[in-house]
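Subject: Structure handover

Hello,

Here is the structure for your files. My notes follow below it.

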Amino acid sequence: MENALNIEPLKNWNIGKDRPLIISGPCSAETEDQVMETAIRLAATGKVDVFRAGIWKPRTRPNSFEGVGSEGLKWLKQVKQETGLPTATEVATEKHVYEALKFGVDVLWIGARTTVNPFAMQEIANALEGVDVMVFIKNPINPELELWVGAIERIYKAGIRRIGAIHRGFSAYEKTAFRNQPRWQIAIDLRQRFPDLAMICDPSHIGGKRAYLLDISQEAMDLNYDGLMIESHIDPDNAWSDKAQQVTPEKLSELIDQLVLRSVVSDDAAFISNIDELRSQIDIYDDQLLDLLERRMQVAETIGQYKKQHGITILQSNRWQEIVNKAMRKGSNKGLSSEFISIILKAIHQESIVHQMKVMNDEAVNDAGIEKSNHVSVIMK
Ligand code: PEP
Ligand code: MN
């Protein structure tokens, strides 16, 4: 059924010029001056296609700033009048939809905390019945493709055709460098279901920190995303929400200039897109391998702590032999040579020992400590 959806491709939406579509503006509309100045400075870069600002903010904890509410919609209208930029805001209830439409907001987006909730999605879809507006649907907070698909289908059934998706990453209980895990494969799977669906990456909410914006944006470009939604603020450090991840309009402009966009030569389009797809799969697997290794080392460190508490040595040969034997058996069933398994396991094991040494003997994180662990793994062979 999904493949039959007749979603309008982004090129026919009549916003933006070339790829990537850039949506930018503050996490939250705070004051009239902040909104206007951000918009004017963004428009001056000539690189922004849509101005965003959160009017109603879903916050994890109460007593955080929850947005200025409807009052801010006047400012968005003024942005459009003064800069000509189409405007976008998040809607989470039917009231938000009616209010935003009343003030001529061009693009509505549905936030990650709303996409997870079919009741809320249906309420919004009902409010959108018969309206011609552009709608972006952010991925649900939890990594569940079907919820994302279901939200898109509800909006589609309301008659909206200019539908896009925003990939803002998925929350994880474990602490990780990024605020939200990208899990790129989920967005790629969504695109495979709906080939015409515009796919926008939101590196601000994935990374959670300014320092990660460029790398995540570049990755999205390499994966052929249609655009980026990046939060910007005239004074990021004093923003009322999401201060660590916002950049000034001028920094945003620099970031966009640094992006490398691959040109697709029309003759070779099929070839290039196949190769890109395969390469992006390789990148995803490599990222996953690194994530797994990071987590494996974290577990090794925890084991190190237990061993330390119970006065047990780092190396337990029986356990190691068991791991090697099991991996050799499994590996050969998967067509992986025993040499490869042996090299990779030794390297992983050695790194685990380095991590455990660090935990068990703090001062061993020097050359001597590493030398010691080399020695240990040589004995183990
Ligand atoms: C936002 O865009 O500011 C926002 C609240 O996003 P998300 O729904 O992705 O958390
Ligand atoms: Mn935000």
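Arg162 is buried, at 18% relative accessible area (buried is under 20%, exposed over 50%, partly exposed in between; 1.4 Å probe, protein chains only).

First, the ground rules. This is a predicted model: local features need pLDDT of at least 70, side-chain atom pairs count only at pLDDT 80 or more, and totals for chains, interfaces and linings use all residues. Residues are numbered from 1 along each chain as its sequence is written, chains are lettered from A and ligands numbered from 1 in the order written, and side-chain values use heavy atoms, without hydrogens and water.

Back to Arg162. Its side chain makes a polar contact with the side chain of Asp132, at 3.4 Å. A polar atom of that Arg162 side chain also lies 3.2 Å from the backbone oxygen of Trp13. A polar contact is a pair of N or O atoms within 3.5 Å; within protein, one must be able to donate a hydrogen and the other to accept it, and residues adjacent in sequence count only if both atoms are side-chain atoms.

Now the metal. The manganese ion (ligand 2) has four protein donors listed: Cys27 (SG), His205 (NE2), Glu231 (OE) and Asp242 (OD), at 2.1 to 2.4 Å. Donors are N, O and S atoms within 2.8 Å of the metal (3.2 Å for Na, K and Ca); water is not among the atoms, so sites may look incomplete. The spacing along the chain is C-x177-H-x25-E-x10-D. Cys27 is buried at 2%, and His205 is buried at 8%.

Best wishes
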